[in-house]
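Hi everyone, thanks for coming. Let me put the structure up, and then I'll walk you through a few places in it.

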Amino acid sequence: MASLASLSLGSYFYDICTLAAGLAGNLFAIVLFVSPIPTFRRIVRNQSTEQFSGLPYLYSLLNCLICFWYGLPIVSYGVILVATVNSIGAIFQLVYVSLFITFADNAKKLKMCGMLIGVFAIFGLITFLSLQMFDHQSRQIFVGYINVASLISMFASPLFIINLVIKTKSVEFMPFHLSLATFLMSISFFAYGMLLRDFFIYIPNGIGSVLGVIQLLLYGHYREKSTEEYTLPLFVS
């Protein structure tokens, strides 16, 4: 009887930890989703996309759609928090893309519309193939590998920023709050994936956690150097 109670308590604690990790991942991901708002305030205020690129928002939209599909029970059991956060992310990215198209010049507008159609066509093809050609277990593997590939491709952005910080020896283009949110989101979903023993969640987020740590270490290193530069005397006698 005592062992049964201990088992129930352990199972309850496991469920709480899994839920907490998933909810934390959702929260920190939303921080990242809202981060482009100042950029789009400027676009709306100036009625122009200026030199901004809309491609990151298209890539993020496709990534959110794929991750959303993976998180649904029709593909994977028990990872619904992956679907919830990516449904929110897809809405944010679609709004950003729509605003970009609205205020872009004609050439950019046409290009972005074509690529947006392409994003939905790719997602539609993935959905169709996964439903028509695979049973549930095979479907999870098929969509899971696409999900991992999509998430790993998104690491091009932090890798570019890391390279830029090292080259310029400045953290100007790597805001601390975004680096911290990226790390916390990745480590939360890494824990979520490990608790659920889901390879397709913990592998990409494990890589994201490592990149997040590197960004934070670089921030600490180059921020100290920047501070030292500012504390040098303005006049030398």
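A word on terms before we start: helices (H or I, at least four residues) and strands (E, at least two) are DSSP runs, numbered from the N terminus. What you see is a predicted model, where local features need pLDDT of at least 70, side-chain atom pairs count only at pLDDT 80 or more, and totals for chains, interfaces and linings use all residues. Residues are numbered from 1 along each chain as its sequence is written, and side-chain values use heavy atoms, with hydrogens and water left out.

Let's begin with T49, in the loop between helix 2 (37–46) and helix 3 (55–71). Is T49 buried or exposed? It counts as buried, because its relative accessibility is 2%; the cut-offs are under 20% relative accessible area for buried, over 50% for exposed and partly exposed in between, with a 1.4 Å probe and protein chains only. Setting aside neighbours within four places in sequence, T49 has contacts (heavy atoms within 4.5 Å) with I43, F100, F103, A104 and K108. For A104, 55 residues away along the chain, the C-alpha separation from T49 is 5.4 Å.

Staying with buried residues, Q93 sits in helix 4 and counts as buried because its relative accessibility is 5%. Beyond four places in sequence, Q93 is in contact with F33, Y57, S60, L61 and C64.

S60 brings us to the largest pocket, as S60 is among the lining residues nearest its centre, along with L32, M154, S157 and P158. A pocket here is an open set of points on a 1 Å grid over the protein atoms alone, where a 1.4 Å probe fits, with protein on both sides within 12 Å along at least five of seven lines; lining residues have an atom within 4 Å of a point. In total, 47 residues line this pocket. Which helix gives the largest share of that lining? Helix 3 does, with nine residues.

Now helix 8, residues 176–196. Buried residues of helix 8 include F183, M185, F189 and Y192. Just after this helix, R197 has a positive phi of about 55°.

Finally, residues 199–219 are 100% helix and 0% strand, with end C-alpha atoms 30 Å apart. Thanks, everyone!

Notes:
Expected span 1.5 Å × (residues − 1).
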